[in-house]
Each structure stands twice: as structure tokens, then as C-alpha cells.
Amino acid sequence: MTNPTFSQFQPIGFMGTTPQAVQLLDSLQNSIDGNLWISKNYAQRYHQDQTLLPEKFNIYNSALKEHLAVIWQNYNSLIFCLATGAVVRLIAPLLKDKADDPAIIVIDPEGRFVISLCGGHQGGADLLTKMVALQIGATPIITGASNSLSLPGIDILGRPYGWRKGQGSWTKLMMEIARQNTIEVIQEAGSNLWQSSLPKGHIFSLSNSNGRLGNWGDREEISSESVYQGKIWISVKQRDLSGEPGIPQGQWHPRVLWVGIGCERGTSKQLINQAITETFAKYNLAEKAIAGIATIDIKADEIGIVEVCRDRDLPLQTFAAQTLKQVVVPTPSAIVNQEVGTPSVAEAAAISAALLFDSQNIKLLEQEPKTNPLIVKKQIFKQEQQPGAVTVAIAQSEIEYTGKLGKLYLVGIGPGSLDQITTAAKTAITGADVVIGYSLYVDLVQPLFRVGQVIESLPITQEKQRGERAIALANQGLTVAVISSGDCGIYGMAGLVLEQLKLNNWDGQTPQVRVFPGISALQAAASRVGAPLMHDFCAISLSDLLTPWKVIMKRLEAAAMGDFVTSIYNPRSQKRVQQIVKAQEIFLQYREPDTPVAIVRSVYRDDEQITVTSLEKMLEHPIDMLTTIIIGNSNTYSHGDWMITPRGYLQ
Ligand code: SAH
């Protein structure tokens with residue numbers, strides 16, 4: 001089964017010309033969905049030898065150079081297993097600009113290096129390179145400047161949040177960043193989560209304001225005297241940067257503007273578009289900051305509105321007259337009230353949409369939502385030659401609409417060392433926009449993090465908050481990895497998050513959930529003492545925080561009686577010291593005092609400690625919350641430092 005974390009790079013094409021390259025790419029196809037292209041000559045040459053033909057492939061008839069020209073537009077990412085020089089020559093005539101070019105990555109035929117060749121930022125090649133390198137155990141080669149400065153690429157800054165990139169001298173800005181000059185960033189809208197990913201001593205001078213239109217005048221005056229070498233606006237405002245001499249500037253537009261539209265039946269899409277464009281121009285607002293269109297429900301099938309939404313790829317939010325008429329608006333109309341049963345459509349719909357969106361994302365709001373989000377009152381448009389009439393009003397939500405479906409990866413990171421974590425889990429962590437976990441585990445997977453990724457570590461007791469935060473971010477459209485030690489579905493976060501999702505009426509689809517298994521403590525501990533789990537076994541946690549002690553005792557009794565090899569999780573904490581004593585007592589009723597017991601602490605971590613002892617003597621050894629205990633069954637025996645449970649092969 002392929003790894004879903006690569007879906008963001010689809011469609012992906014693979015290109016190789018030699019048997020070694022084709023085999024390497026073929027093995028990549030097991031985890032990455034894509035089209036592997038081989039030449040007709042290659043297919044003919046090796047058709048006798050099935051081992052040299054990939055499992056799935058497409059054939060091209062022409063020279064590779066011509067073939068590439070044909071398929072260039074069809075792929076977001078192209079993965080070559082070919083000499084870098086050859087790839088450079090092949091793609092050179094096809095490259096247009098950074099915004100359109102696909103991600104180009106090159107793997108050497110031995111699979112030792114993965115090179116981010118082109119489309120590093122906007123094409124996503126840097127991230128794809130890192131993830132492919134993790135997948136095949138190669139060294140990623142990323143040469144972009146912001147990567148080495150540990151700064152997020154300024155040209156992809158808003159991508160996780162669905163912001164749209166506006167006008168700007170992006171290349172010049174990136175040159176200033178590469179020179180490590182200070183860049184002023186003025187954020188007036190959208191999530192500032194990205195700021196938490198910046199390294200200490202970074203070159204951005206940040207100022208935040210959640211101000212609406214009124215607050216902007218002062219700010220610009222101050223910053224025009226600035227000593228900065230570049231300026232980035234994160235704003236709903238459309239600034240004309242062409243006239244400003246001096247430092248390079250750029251603007252990102254978070255999608256927070258809800259455009260309320262009222263119109264007569266049969267109003268053309270041209271008139272609606274014109275009304276939007278003129279209103280935005282009049283108030284210096286960026287059309288790229290539009291989150292969606294809002295109107296009254298009886299207009300849900302109004303062709304002009306539907307077409308505008310389709311052409312601009314915007315959601316349409318509709319409200320019943322009953323709802324709209326309760327909204328207090330600045331410009332009510334008695335005539336409209338008579339016609340559709342509410343004194344306002346455009347203003348009331350814009351306000352309702354902005355408020356509804358914020359209330360759906362209330363957990364992400366840092367302060368109380370604004371009660372009146374309207375920023376542009378009703379504007380009326382009519383045109384002689386065009387049928388119909390349009391009203392437009394604009395409201396601003398606090399939280400941006402990302403236009404993306406969120407993903408929740410529930411990831412088990414194994415016992416502690418990086419080589420005990422599955423490749424799929426690694427790519428899930430590296431590929432996520434946000435990683436959430438208990439601080440100790442976050443530290444353990446540090447090397448998997450990438451520049452610009454948001455990492456949120458929370459104290460051990462805050463599991464519920466961690467789950468809720470992850471769900472809130474995923475509901476907004478982000479890809480969020482929640483990490484647990486061991487397996488995330490064994491006393492981990494997976495069950496909790498799924499329960500919380502169900503409480504939130506999750507439909508099972510959105511956000512998309514994927515569970516990535518990990519090596520649980522019992523397997524990790526077992527591996528360090530041999531093979532104690534070779535026969536029927538069970539796991540029992542002695543933590544009575546969430547499970548009544550009576551229930552735990554009953555299970556200990558049943559496990560002891562049933563002669564299960566038993567792994568004990570959470571055996572003893574500073575406050576909870578009696579449970580392990582009781583557990584030993586119960587097992588001694590059913591098993592011999594010399595039954596082997598393994599006490600394994602911090603397995604696969606730097607301070608790992610392993611003891612093989614007996615049931616009778618187990619309490620003489622240190623046991624704490626970082627320990628897993630394995631109690632053998634009646635046939636388990638020890639051999640030096642090893643512990644073996646016979647399956648019965650030799651009897
Ligand atoms: N999801 C985890 C279990 C979390 S409960 C898993 O599948 O492994 C926490 C308990 O797991 C600890 O109290 C300890 O008993 C056990 N544990 C977790 N990591 C461990 C490690 N590296 N070494 C030994 N025991 C460990």
C-alpha cells in the first residue's frame with residue numbers, strides 16, 4: 001500500500017533509463033503513487049527478463065527529451081534516476097518560472113543521494129526530497145538559502161494556511177533573505193502560527209495587528225521610514241507596490257473576506273464579477289483575500305453566483321431569510337424585506353458567513369470573536385446594457401479559510417531511537433504542517449523536523465488539550481501529526497483523538513485520518529531480552545488514573561490464571577507504588593517464584609537498562625514509569641541474559 005503523505009505532490013512521474021535506475025524507481029512505487037516511464041527500447045530489450053521490467057510502467061516511443069516536453073504539464077513532481085547533468089539538459093528548455101515549474105528531484109542510481117534540483121520552494125521539491133530520502137534511507141541534498149538559514153521559504157509561507165500570494169518582488173526579497181538582511185513582516189490578518197517556527201535570532205522583524213481597515217494608516221507612516229531591507233505584508237489590503245522605490249516588498253493574502261451578494265434573478269456573472277472587482281478596488285482590498293461568497297438560500301441556484309464561485313474556486317455559503325433578518329445591519333431595506341423576507345441580504349449574509357466560520361473554528365481563536373465583522377457596507381451595482389442588479393458587502397473573519405481538507409496523522413514513533421520508527425511514520429512527521437506531542441517524544445524525533453514546520457509540545461498531562469488542538473487545526477485544513485511513543489493505538493493518543501473526533505460528529509472522512517503504527521514498548525522490551533512473547537501474551541497497564549484499580553486487579557488475576565506472558569505498562573510512578581507489589585502477589589499465586597521476569601527501562605534510548613530476574617526478586621530492582629516489565633508464563637526460561645518462551649517446536 002502506498003504512503004498517503006506523498007499525496008500533496010501528486011501527480012508524480014518517475015523517469016529512469018537503466019536497469020538499476022528502473023529497479024530503484026520501481027521499489028519507490030511501492031510507497032509512492034506515480035507513473036514510471038520507460039522507453040519502448042528499454043521495454044523491448046528487457047521483455048524477456050521480467051526481473052528488469054518494473055511491476056507497473058508506461059511506455060514512451062520518442063526520445064526522452066521529446067517525451068518530457070509532452071508530459072511536462074501533466075505532473076506536479078518529476079523524480080529522475082539519472083545523471084544530474086543529463087537531467088539539467090533535459091529540463092532546461094522546459095523551465096518557465098518558479099511558480100509553474102514542477103518539482104524536479106534526482107536520485108543517483110545507487111540510491112545514496114536525493115537532490116532537490118528545481119522547484120525547491122514553490123514546486124515542493126525540497127520537502128519531496130527530504131521525504132524520498134527518508135523513504136529510501138538516502139542523504140537529502142537541499143541547497144536553497146532559506147533552508148540553510150532555517151527560515152521558511154517566503155514564497156511558500158502561507159501555503160499551509162491557504163493564503164494567496166499577491167504582488168511582490170519575490171526574487172529580490174529572497175535575495176535579501178539569503179544575504180541575511182532584516183525583513184519587516186507586518187501581519188494584519190491570518191494565523192500567526194508560522195511565527196512560532198522561526199529560529200532564535202531570525203532576520204524577520206515582526207509586527208502583528210489584528211486591526212481592520214481603520215488601524216492601517218498609522219502603521220504605514222511609521223514603516224516607511226524603516227531601516228529594513230525588505231517588507232512583507234500579510235494582509236487583506238491590496239497595496240500597489242510598483243510605485244514604491246527602494247526595498248523589495250511582497251504581499252500575502254489570508255482568505256478572511258466573506259463577500260455577501262444580493263442580486264435580482266438572472267443577473268449575469270459579468271455584472272457580479274464587476275461589482276466585486278469595483279468594490280474591492282474602491283476599498284483597496286485584495287480579491288485574493290476572498291474566503292467565499294455568501295447569500296440567501298433562495299439564490300443557491302442563481303446561475304451568475306454559481307458561475308462566479310466556480311470560476312474563482314470559492315465556496316458558496318447560503319442562509320435562510322429567517323437567519324438573515326436577525327442580523328443587525330447598517331443598511332436595511334424595506335423593499336428587500338418585502339421581496340425576500342429579510343431587510344438585508346448582502347450585509348447580513350456577509351456578517352453571518354464570517355461569524356459562522358469563526359464559530360466553527362472557535363477553538364483556534366485567541367480572543368473573543370468580534371461581534372460585527374462587517375468592513376464594507378452594501379454597495380449597489382446596475383448597468384444599462386446588463387440585466388439585473390447586484391449588492392455587495394464584505395465581512396472579515398478572524399480565522400482564514402484554507403480551502404483545503406485537513407489531515408490527521410496519528411503516529412507511533414516507537415520506543416525512542418530513530419531507527420526503530422517506520423519509514424511511513426517518518427515521512428508522516430516530516431510531511432505534516434504541524435507536529436503535536438508530549439515534549440519528551442517531540443525531542444526524540446527532532447531530526448525529522450523540517451524548516452518552517454510548526455512544532456507544538458505540550459506537558460505530559462495535557463493529552464486532551466493535545467487532541468483538541470490537533471483536531472481544531474485539522475478541521476481548519478492543516479495536516480497535523482500527533483505523535484505517541486511506541487504504538488499510538490496502545491495506551492497512546494490514537495484512541496483519544498478518534499473518540500474526540502466522534503464527539504465532534506466526525507463523518508469518518510473529514511478530516512482524513514490515518515494511523516501509523518509503531519513498535520510498542522512490549523515488543524521493544526522483548527527484543528532486548530530475546531523472545532519472551534513467543535506464546536500467548538497480554539498487556540496490562542497498572543495506571544489507575546483512568547481505569548479503576550478493581551478492574552486492573554481482575555485482569556491481572558485472569559492473565560496470571562490463564563498463563564499468559566504478561567507485559568506490564570506504567571508499573572510504578574512516584575505516587576503510585578503499591579500496584580506493582582499487588583501484581584507480584586497475584587502472579588505468585590499462579591506461577592513459580594523463579595518464573596523469569598524482564599525489567600526493561602528506557603529501551604532503545606541512551607539510558608537503556610535491562611535486567612532479567614525472577615518473579616520472586618523483581619521488586620529488588622528499580623522500576624519506574626519508563627519501565628516495561630515482562631513476566632514469563634509457566635514454560636518461560638532464562639538463559640544467561642536471555643529470556644525465552646518456548647512455542648513447542650522442540651517438544
Ligand atoms: N504507546 C506506548 C505506551 C504508552 S504508556 C507504547 O506503545 O509503547 C507509557 C508506558 O509505556 C510507560 O510507563 C512504560 O511502561 C512503557 N514505555 C514506553 N516507552 C518505553 C521505553 N522506551 N522503555 C520501556 N518502557 C516504555
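1. A quick word before the helix pair: an axis here is a line fitted to C-alpha atoms, for helices over the stretch in contact, and angles run from 0 to 180 degrees between N-to-C directions. With that in hand, note that this is a predicted model, in which helix α9 (residues 269–282) packs with helix α10 (residues 303–312) at an angle of about 60°. Their axes are 8 Å apart, and the crossing of α9 past α10 is right-handed.

2. Who makes that contact? From α9 come K269, I272, N273, I276 and T277, while α10 supplies G304, I305, E307, V308, D311 and R312. Sorted by class, the contact of α9 with α10 has four nonpolar, three polar and four charged residues.

3. On confidence, the mean pLDDT of the protein is 92, and 97% of its residues reach 70 or more. Please keep an eye on residues 211–224, though, where the pLDDT is below 50. In the model this stretch has 28 contacts beyond near neighbours in sequence. Where pLDDT is low, the predicted coordinates should not be read in detail.

4. Which protein atoms lie by ligand nitrogen? T628 places a polar side-chain atom 2.8 Å from a nitrogen atom of the ligand. For S602, a backbone N or O atom lies 3.3 Å from a ligand nitrogen. In the case of R605, an N or O atom in the side chain is 3.5 Å from a nitrogen atom of the ligand.

Definitions and conventions:
Residues numbered from 1 in each chain as written. Predicted model: local features only at pLDDT ≥ 70, side-chain atom pairs only at ≥ 80, totals over all residues. Heavy atoms only, no water. pLDDT = per-residue confidence, 0-100. Contact = heavy atoms within 4.5 Å. Helix = DSSP H or I, 4+ residues; strand = E, 2+ residues; numbered from the N terminus. Left-handed = near helix turned anticlockwise from the far one by under 90°. Nonpolar A, V, L, I, M, F, W, Y, C, P; charged D, E, K, R; others polar. Polar contact = N/O pair within 3.5 Å; in protein donor to acceptor, adjacent residues only side chain to side chain.
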